[in-house]
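Student: Could you take me carefully through one part of this model, the sheet and the helices that lie against it?

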Amino acid sequence: MTPGIVPPFLLDRLATTDDPRLARAAAAARKTLTVPRPARPVRTRLRLSIDEGALVAETVPAPDRVISDAANTERLPGRRVRTEDDGPTGDRSVDEAYDGLGATFDFFWDAFARDGIDGAGGSLLATVHFGDDYDNAFWNGERMVFGDGDGDVFTGFTRSLSVIAHELGHGVTEAAGGLEYQGQSGALNESLSDVFGALAEQHALGQTADEASWLIGAGIFAEAVQGTALRSMSAPGTAYDDDVLGKDPQPGHMRDYVETSDDNGGVHINSGIPNRAFFLVASRLGGHAWERAGSIWYRTLTSGSLLPAADFAAFAAATLATATAEYGGTSEEVDAVRAAWAGVGVAKDARA
């Protein structure tokens, strides 16, 4: 099963509920778990800005978005319904996907000078209305794919920018060399996508670290669900506590690390630990989180130094090396990174 934004343990829980009010949602979850996901089969623009009172014009990369409609089938890519420079279609999912891909593209360019998911200006592809009551969104190695949700527990997945950027973040990780989707390296894979999802949303809203919600997937639950999002980076384990879905199982510290063979070794669960570490760095440094904390994480991912099977300790050491190289060994950035990994129990102490 290709990884998606909704963890399989959450769908498993929903699929087994006997609550008659959620019969449609339970059926949708069972169907979502069994649907096989299809395998994976330079534009520029003028940007104007003001610099010390002077008008500055510069040519920067532009996204090349292509949105298709699967019409509630499981066939990809579906019918092409909106391409770059087309106006809104009036279909909420189509237009939200188009806007979300654009916002994610802008984030990666503005923050890291990255031209698209592959770094080479490739097209941004997405398919909406995938499946019938399909309770997930995922990256298949080529495109974003969005289900519509069942309506009782999950609503449309295109309404959350953090979801869109999270899944596209998997493409960035793949392009950078990849992290094995198993155990701690898989949890790092998931965490990096959460980092990019949160930062893309903050970038679009112009938020500082202190202003941000640090939620992943806010807005995709129906009103009846007792929860705010799929995950909380600032407080793992607090995103939801629902009679049907259960309580958010994410730990925020190594003392609570979950040993499991499910979910590829707990990749969606244990990602709460590196998520919390990133939040601690960003909140300590303040300002726009993509400028320093985000840069350290992104440079670490794209440095070529990470092994595909890197565990939390290896990634922590790599981020510390990146911070040292970029800011100097006695910098506040290095202190923030060191303290954060100690704070989640990955490093032994504040000077590890």
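Predicted model: local features only at pLDDT ≥ 70, side-chain atom pairs only at ≥ 80, totals over all residues.

**The sheet and its helices**

Tutor: The part to look at is an open sheet of 5 strands, in the order β4-β3-β5-β7-β6 and with mixed pairing, where two strands pair if DSSP finds at least two bridges between them. Residues are numbered from 1 along each chain as its sequence is written, and side-chain values use heavy atoms, with hydrogens and water left out.

At the edges of the sheet stand β4 (79–83) and β6 (137–139), each of which pairs on one side only. Direction ignored, neighbouring strands are turned by 20° against each other on average; angles run from 0 to 180 degrees between N-to-C directions, and axes are lines fitted to C-alpha atoms, for helices over the stretch in contact. Strand β3 (residues 65–69) runs antiparallel to β4 and is joined to β4 by 4 bridges, and here V66 stands opposite T83 in β4.

Helix α3 (residues 92–112) packs on the sheet and touches β3, β4, β5 (124–128) and β7 (144–146), with its direction making about 155° with that of β3; contact means heavy atoms within 4.5 Å. Helix α4 (residues 161–175), in turn, lies across β6 and β7 and runs at about 20° to β6.

Methods:
Helix = DSSP H or I, 4+ residues; strand = E, 2+ residues; numbered from the N terminus.
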